[in-house]
Amino acid sequence: MIISASRRTDIPAFYFDWFCRRLKAGYADVVNPFNRKQVSRISLKPDFVDCIVFWTKDPAPMLKGLDNLKDYNYYVQVSITPYGHDVEANLRDKNDIIDTVHELSKRLGRERVVWRYDPILLNESYTIEGHLEWFKNTLDSLAACVERCVISFIDLYAKAKKNTQGLNLHELSEEEMNELAAGISDIAKGSGVALQTCSEAIGLEKYGIGHGACIDGELVEHIVGRKLNISRAKTQRPLCNCVESFDIGQYDTCIHGCRYCYANASLDRAKRGFDNHNINSSVITGSLLGDEHITVHE
(Lines give C-alpha, C1' and ligand atoms only; values in the text may rest on other atoms or scores of the structure.)
Protein backbone atom coordinates (compact mmCIF):
# COMPACT_ATOMS: atom_id res chain seq x y z
CA MET A 1 0.00 0.00 0.00
CA ILE A 2 1.01 3.58 -0.67
CA ILE A 3 0.77 6.31 1.96
CA SER A 4 0.17 9.92 0.89
CA ALA A 5 1.58 12.46 3.34
CA SER A 6 -0.26 14.54 2.29
CA ARG A 7 -2.51 16.29 -0.19
CA ARG A 8 -4.38 17.84 2.75
CA THR A 9 -1.58 19.47 4.72
CA ASP A 10 2.20 19.87 4.81
CA ILE A 11 3.30 17.01 7.06
CA PRO A 12 7.05 17.40 6.36
CA ALA A 13 7.03 21.12 7.21
CA PHE A 14 4.72 21.15 10.25
CA TYR A 15 4.07 17.64 11.52
CA PHE A 16 7.14 15.56 10.78
CA ASP A 17 7.93 14.84 14.44
CA TRP A 18 4.32 13.69 14.88
CA PHE A 19 4.65 11.54 11.76
CA CYS A 20 7.82 9.87 13.08
CA ARG A 21 6.02 9.10 16.35
CA ARG A 22 3.19 7.54 14.36
CA LEU A 23 5.71 5.36 12.53
CA LYS A 24 6.94 4.07 15.90
CA ALA A 25 3.35 3.54 17.04
CA GLY A 26 2.65 1.64 13.83
CA TYR A 27 -0.49 3.51 12.76
CA ALA A 28 -2.14 6.90 12.23
CA ASP A 29 -5.81 7.79 12.56
CA VAL A 30 -7.60 9.86 9.93
CA VAL A 31 -10.91 11.52 10.76
CA ASN A 32 -13.52 11.70 8.02
CA PRO A 33 -13.78 15.46 7.27
CA PHE A 34 -17.57 15.15 6.98
CA ASN A 35 -18.19 12.94 10.03
CA ARG A 36 -15.81 13.05 12.97
CA LYS A 37 -17.15 9.73 14.31
CA GLN A 38 -15.85 7.88 11.23
CA VAL A 39 -12.14 7.20 11.61
CA SER A 40 -9.73 5.23 9.43
CA ARG A 41 -6.81 3.63 11.25
CA ILE A 42 -4.00 3.32 8.73
CA SER A 43 -1.22 0.86 9.45
CA LEU A 44 2.25 2.38 9.10
CA LYS A 45 4.15 -0.82 9.79
CA PRO A 46 7.04 -1.33 7.35
CA ASP A 47 5.68 -4.68 6.17
CA PHE A 48 2.38 -2.97 5.24
CA VAL A 49 3.69 0.19 3.59
CA ASP A 50 5.16 -0.24 0.11
CA CYS A 51 5.94 3.44 -0.39
CA ILE A 52 5.34 6.85 1.20
CA VAL A 53 4.76 9.89 -1.02
CA PHE A 54 5.50 13.18 0.74
CA TRP A 55 4.15 16.57 -0.39
CA THR A 56 5.75 19.73 0.94
CA LYS A 57 6.70 23.34 0.33
CA ASP A 58 9.57 23.22 2.79
CA PRO A 59 11.30 19.90 3.59
CA ALA A 60 13.77 21.38 6.09
CA PRO A 61 12.31 19.63 9.17
CA MET A 62 12.72 16.26 7.41
CA LEU A 63 16.48 16.54 7.15
CA LYS A 64 17.15 15.91 10.81
CA GLY A 65 14.76 12.95 10.91
CA LEU A 66 15.47 10.94 7.78
CA ASP A 67 16.85 8.05 9.87
CA ASN A 68 13.27 7.43 11.02
CA LEU A 69 12.47 6.45 7.41
CA LYS A 70 15.27 3.91 6.97
CA ASP A 71 12.84 0.97 6.83
CA TYR A 72 10.60 2.60 4.21
CA ASN A 73 10.61 3.37 0.50
CA TYR A 74 9.59 6.95 -0.24
CA TYR A 75 9.97 10.02 -2.40
CA VAL A 76 9.41 13.72 -1.77
CA GLN A 77 7.53 16.25 -3.91
CA VAL A 78 8.57 19.84 -3.24
CA SER A 79 6.47 22.74 -4.55
CA ILE A 80 8.62 25.76 -5.40
CA THR A 81 6.90 28.68 -7.10
CA PRO A 82 7.80 32.34 -7.79
CA TYR A 83 5.25 33.94 -5.50
CA GLY A 84 5.96 36.38 -2.71
CA HIS A 85 4.26 36.82 0.64
CA ASP A 86 1.25 38.39 -1.09
CA VAL A 87 0.36 34.88 -2.28
CA GLU A 88 2.36 32.52 -0.01
CA ALA A 89 2.35 34.41 3.25
CA ASN A 90 4.51 32.34 5.57
CA LEU A 91 7.12 30.59 3.45
CA ARG A 92 10.85 30.95 3.99
CA ASP A 93 12.97 32.67 1.35
CA LYS A 94 12.81 30.54 -1.80
CA ASN A 95 16.60 30.50 -2.17
CA ASP A 96 16.88 28.98 1.29
CA ILE A 97 14.30 26.34 0.38
CA ILE A 98 16.25 25.56 -2.80
CA ASP A 99 19.37 25.06 -0.67
CA THR A 100 17.36 22.63 1.46
CA VAL A 101 16.32 20.72 -1.67
CA HIS A 102 19.98 20.44 -2.65
CA GLU A 103 20.72 18.80 0.69
CA LEU A 104 17.68 16.53 0.45
CA SER A 105 18.65 15.40 -3.05
CA LYS A 106 22.22 14.77 -1.95
CA ARG A 107 20.91 12.37 0.69
CA LEU A 108 18.09 10.72 -1.28
CA GLY A 109 19.19 10.97 -4.92
CA ARG A 110 17.58 12.87 -7.82
CA GLU A 111 14.99 10.19 -8.57
CA ARG A 112 13.39 10.59 -5.13
CA VAL A 113 12.97 14.37 -5.25
CA VAL A 114 10.31 15.84 -7.55
CA TRP A 115 9.95 19.57 -8.20
CA ARG A 116 6.35 20.80 -8.47
CA TYR A 117 5.87 24.14 -10.24
CA ASP A 118 2.29 24.27 -9.12
CA PRO A 119 -0.02 26.10 -9.46
CA ILE A 120 0.81 28.55 -12.21
CA LEU A 121 -1.30 31.68 -11.74
CA LEU A 122 -1.41 34.95 -13.62
CA ASN A 123 -2.19 38.56 -12.73
CA GLU A 124 -0.56 41.95 -13.29
CA SER A 125 2.34 41.00 -10.96
CA TYR A 126 2.85 37.40 -12.06
CA THR A 127 3.04 37.49 -15.83
CA ILE A 128 3.98 34.89 -18.42
CA GLU A 129 7.31 36.64 -18.98
CA GLY A 130 7.97 36.71 -15.24
CA HIS A 131 7.14 33.02 -14.87
CA LEU A 132 9.52 32.05 -17.66
CA GLU A 133 12.38 34.12 -16.26
CA TRP A 134 11.87 32.70 -12.76
CA PHE A 135 11.53 29.16 -14.09
CA LYS A 136 14.83 29.47 -15.97
CA ASN A 137 16.72 30.75 -12.94
CA THR A 138 15.22 28.11 -10.65
CA LEU A 139 15.80 25.26 -13.11
CA ASP A 140 19.44 26.30 -13.28
CA SER A 141 19.56 25.81 -9.51
CA LEU A 142 17.55 22.57 -9.35
CA ALA A 143 18.54 20.62 -12.46
CA ALA A 144 21.23 18.71 -10.59
CA CYS A 145 18.75 17.82 -7.81
CA VAL A 146 15.64 16.50 -9.61
CA GLU A 147 14.74 14.28 -12.54
CA ARG A 148 11.28 15.70 -13.19
CA CYS A 149 9.24 18.87 -12.84
CA VAL A 150 5.45 18.72 -12.62
CA ILE A 151 3.48 21.78 -13.69
CA SER A 152 -0.19 22.66 -13.37
CA PHE A 153 -2.35 25.70 -13.98
CA ILE A 154 -4.51 27.16 -11.24
CA ASP A 155 -8.06 25.89 -10.81
CA LEU A 156 -10.16 28.49 -9.04
CA TYR A 157 -12.27 26.26 -6.84
CA ALA A 158 -14.73 27.91 -4.44
CA LYS A 159 -12.22 28.09 -1.57
CA ALA A 160 -9.53 29.47 -3.88
CA LYS A 161 -11.87 32.11 -5.30
CA LYS A 162 -12.77 33.26 -1.81
CA ASN A 163 -9.21 33.33 -0.48
CA THR A 164 -7.66 34.97 -3.56
CA GLN A 165 -10.01 37.94 -3.66
CA GLY A 166 -8.02 41.05 -4.43
CA LEU A 167 -5.29 39.24 -6.36
CA ASN A 168 -7.14 39.63 -9.69
CA LEU A 169 -6.45 36.07 -10.80
CA HIS A 170 -8.17 34.43 -13.75
CA GLU A 171 -8.49 30.95 -15.19
CA LEU A 172 -5.75 30.63 -17.79
CA SER A 173 -6.83 30.52 -21.40
CA GLU A 174 -5.65 27.76 -23.72
CA GLU A 175 -3.50 30.33 -25.50
CA GLU A 176 -1.81 31.31 -22.23
CA MET A 177 -1.24 27.67 -21.29
CA ASN A 178 0.35 26.97 -24.65
CA GLU A 179 2.59 30.02 -24.43
CA LEU A 180 3.78 29.04 -20.98
CA ALA A 181 4.27 25.38 -21.95
CA ALA A 182 6.27 26.31 -25.05
CA GLY A 183 8.50 28.62 -23.05
CA ILE A 184 9.04 26.19 -20.18
CA SER A 185 9.80 23.40 -22.64
CA ASP A 186 12.42 25.50 -24.47
CA ILE A 187 14.07 26.40 -21.16
CA ALA A 188 14.16 22.77 -19.99
CA LYS A 189 15.74 21.35 -23.16
CA GLY A 190 19.05 19.71 -22.38
CA SER A 191 18.61 20.09 -18.62
CA GLY A 192 17.98 16.41 -17.94
CA VAL A 193 14.70 17.32 -16.21
CA ALA A 194 11.54 15.75 -17.64
CA LEU A 195 8.36 17.85 -17.73
CA GLN A 196 4.88 16.58 -16.87
CA THR A 197 1.47 18.07 -16.15
CA CYS A 198 -0.79 17.30 -13.19
CA SER A 199 -4.55 16.78 -13.76
CA GLU A 200 -4.65 18.91 -16.90
CA ALA A 201 -7.05 18.34 -19.80
CA ILE A 202 -4.90 20.24 -22.26
CA GLY A 203 -2.49 18.15 -24.31
CA LEU A 204 1.03 19.57 -24.31
CA GLU A 205 2.84 16.61 -25.86
CA LYS A 206 3.97 18.73 -28.81
CA TYR A 207 6.17 20.56 -26.30
CA GLY A 208 7.51 17.33 -24.84
CA ILE A 209 5.27 17.65 -21.76
CA GLY A 210 3.29 14.50 -20.96
CA HIS A 211 0.40 13.83 -18.61
CA GLY A 212 1.89 12.86 -15.27
CA ALA A 213 0.84 11.64 -11.85
CA CYS A 214 1.79 12.85 -8.39
CA ILE A 215 1.39 9.41 -6.84
CA ASP A 216 3.03 7.79 -9.82
CA GLY A 217 2.70 4.01 -10.02
CA GLU A 218 5.72 3.63 -12.31
CA LEU A 219 7.94 5.75 -10.08
CA VAL A 220 6.74 3.87 -6.99
CA GLU A 221 7.53 0.52 -8.61
CA HIS A 222 10.94 1.79 -9.69
CA ILE A 223 11.78 2.93 -6.15
CA VAL A 224 10.37 -0.24 -4.58
CA GLY A 225 12.14 -2.42 -7.15
CA ARG A 226 9.22 -4.71 -8.02
CA LYS A 227 5.78 -4.76 -9.63
CA LEU A 228 2.89 -3.91 -7.31
CA ASN A 229 -0.81 -4.67 -7.44
CA ILE A 230 -1.93 -1.07 -7.77
CA SER A 231 -4.75 0.63 -9.66
CA ARG A 232 -5.77 4.13 -10.63
CA ALA A 233 -7.28 6.19 -7.81
CA LYS A 234 -11.08 6.19 -7.95
CA THR A 235 -11.79 9.12 -5.62
CA GLN A 236 -9.59 11.78 -7.24
CA ARG A 237 -10.52 14.20 -10.00
CA PRO A 238 -11.36 12.56 -13.36
CA LEU A 239 -8.17 13.90 -14.96
CA CYS A 240 -5.94 12.63 -12.14
CA ASN A 241 -3.57 9.79 -13.10
CA CYS A 242 -2.53 8.95 -9.54
CA VAL A 243 -2.75 5.42 -8.21
CA GLU A 244 -4.65 4.44 -5.07
CA SER A 245 -3.22 5.54 -1.74
CA PHE A 246 -4.18 6.26 1.86
CA ASP A 247 -3.87 9.94 2.73
CA ILE A 248 -3.11 10.51 6.42
CA GLY A 249 -3.42 14.30 6.40
CA GLN A 250 -6.15 16.56 7.73
CA TYR A 251 -7.68 19.66 6.15
CA ASP A 252 -7.41 23.11 7.74
CA THR A 253 -4.05 22.47 9.41
CA CYS A 254 -1.45 23.95 7.03
CA ILE A 255 -0.24 27.44 7.98
CA HIS A 256 1.93 28.34 4.98
CA GLY A 257 -0.82 30.81 4.13
CA CYS A 258 -0.98 30.04 0.39
CA ARG A 259 -4.04 31.92 -0.76
CA TYR A 260 -4.78 29.56 -3.66
CA CYS A 261 -4.90 26.48 -1.39
CA TYR A 262 -7.96 24.22 -1.68
CA ALA A 263 -7.16 22.38 1.59
CA ASN A 264 -7.90 25.32 3.91
CA ALA A 265 -11.19 27.13 4.29
CA SER A 266 -9.15 30.07 5.63
CA LEU A 267 -5.79 30.79 7.21
CA ASP A 268 -7.47 31.55 10.53
CA ARG A 269 -9.12 28.15 10.54
CA ALA A 270 -5.81 26.50 9.62
CA LYS A 271 -4.11 28.29 12.50
CA ARG A 272 -6.75 26.94 14.88
CA GLY A 273 -6.11 23.44 13.58
CA PHE A 274 -2.36 23.92 13.95
CA ASP A 275 -2.72 25.29 17.49
CA ASN A 276 -4.82 22.24 18.39
CA HIS A 277 -2.05 19.86 17.34
CA ASN A 278 -0.92 17.35 19.96
CA ILE A 279 2.28 15.54 19.04
CA ASN A 280 1.18 12.52 21.08
CA SER A 281 -2.26 12.23 19.48
CA SER A 282 -3.04 9.63 16.83
CA VAL A 283 -4.56 12.38 14.64
CA ILE A 284 -2.91 15.56 13.37
CA THR A 285 -5.20 17.97 15.17
CA GLY A 286 -7.21 17.36 18.29
CA SER A 287 -7.71 13.89 19.78
CA LEU A 288 -10.20 11.08 19.44
CA LEU A 289 -13.05 11.35 21.93
CA GLY A 290 -13.75 7.64 22.33
CA ASP A 291 -17.12 7.49 20.58
CA GLU A 292 -15.73 7.00 17.07
CA HIS A 293 -16.21 4.00 14.79
CA ILE A 294 -12.70 2.99 13.75
CA THR A 295 -12.06 1.06 10.54
CA VAL A 296 -8.64 -0.60 10.50
CA HIS A 297 -6.66 -0.75 7.25
CA GLU A 298 -3.72 -3.14 7.32
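This is a predicted model: local features need pLDDT of at least 70, side-chain atom pairs count only at pLDDT 80 or more; totals for chains, interfaces and linings use all residues.
I will start with helix H5, residues 128-142. Its 15 residues, at 1.5 Å each, should span 21 Å, and the end C-alpha atoms are 20 Å apart, which agrees.

Which residues of H5 are buried? They are Ile128, His131, Leu132, Phe135, Thr138, Leu139 and Leu142. Looking down the axis of H5, the buried residues fall within an arc of 140 degrees, so they line one face of the helix. The face turned away from that buried side carries Glu129, Glu133 and Asp140, which are exposed.

What covers the buried residues of H5? The cover includes two helices, H4 (94-108) and H7 (174-188). It also includes strands S6 (113-120), S7 (148-153) and S8 (194-197).

Helix H4 brings me to Ser105, which sits in that helix. Its relative accessibility is 7%, so Ser105 counts as buried, the cut-off being under 20%. Setting aside neighbours within four places in sequence, Ser105 is in contact with Arg110, Val113, Ala144 and Cys145.

Last, the surface. Tyr157, Tyr251 and Tyr262 make a nonpolar surface patch of about 280 Å². Of these, I will pick out Tyr262, which lies in the loop between strand S10 (246-247) and helix H9 (267-275). Is Tyr262 buried, partly exposed or exposed? Tyr262 counts as partly exposed because its relative accessibility is 40%, and that class runs between the 20% and 50% cut-offs.

Definitions and conventions: Residues are numbered from 1 along each chain as its sequence is written. Side-chain values use heavy atoms; hydrogens and water are left out. Patches are made of residues with over 30% relative accessible area and no salt bridge: like charges are joined within 9 Å, nonpolar side chains (Val, Leu, Ile, Met, Phe, Trp, Tyr) within 5 Å. Accessible areas come from the Shrake-Rupley method with a 1.4 Å probe; for residues, only the protein chains shown count as cover. A salt bridge is a side-chain nitrogen of Lys or Arg within 4 Å of a carboxyl oxygen of Asp or Glu. Helices (H or I, at least four residues) and strands (E, at least two) are DSSP runs, numbered from the N terminus. Buried means under 20% relative accessible area, exposed over 50%, partly exposed in between (1.4 Å probe, protein chains only). The expected span of a helix is 1.5 Å times one less than its number of residues. The arc is that of the directions from the helix axis to the C-beta atoms. Contact means heavy atoms within 4.5 Å.
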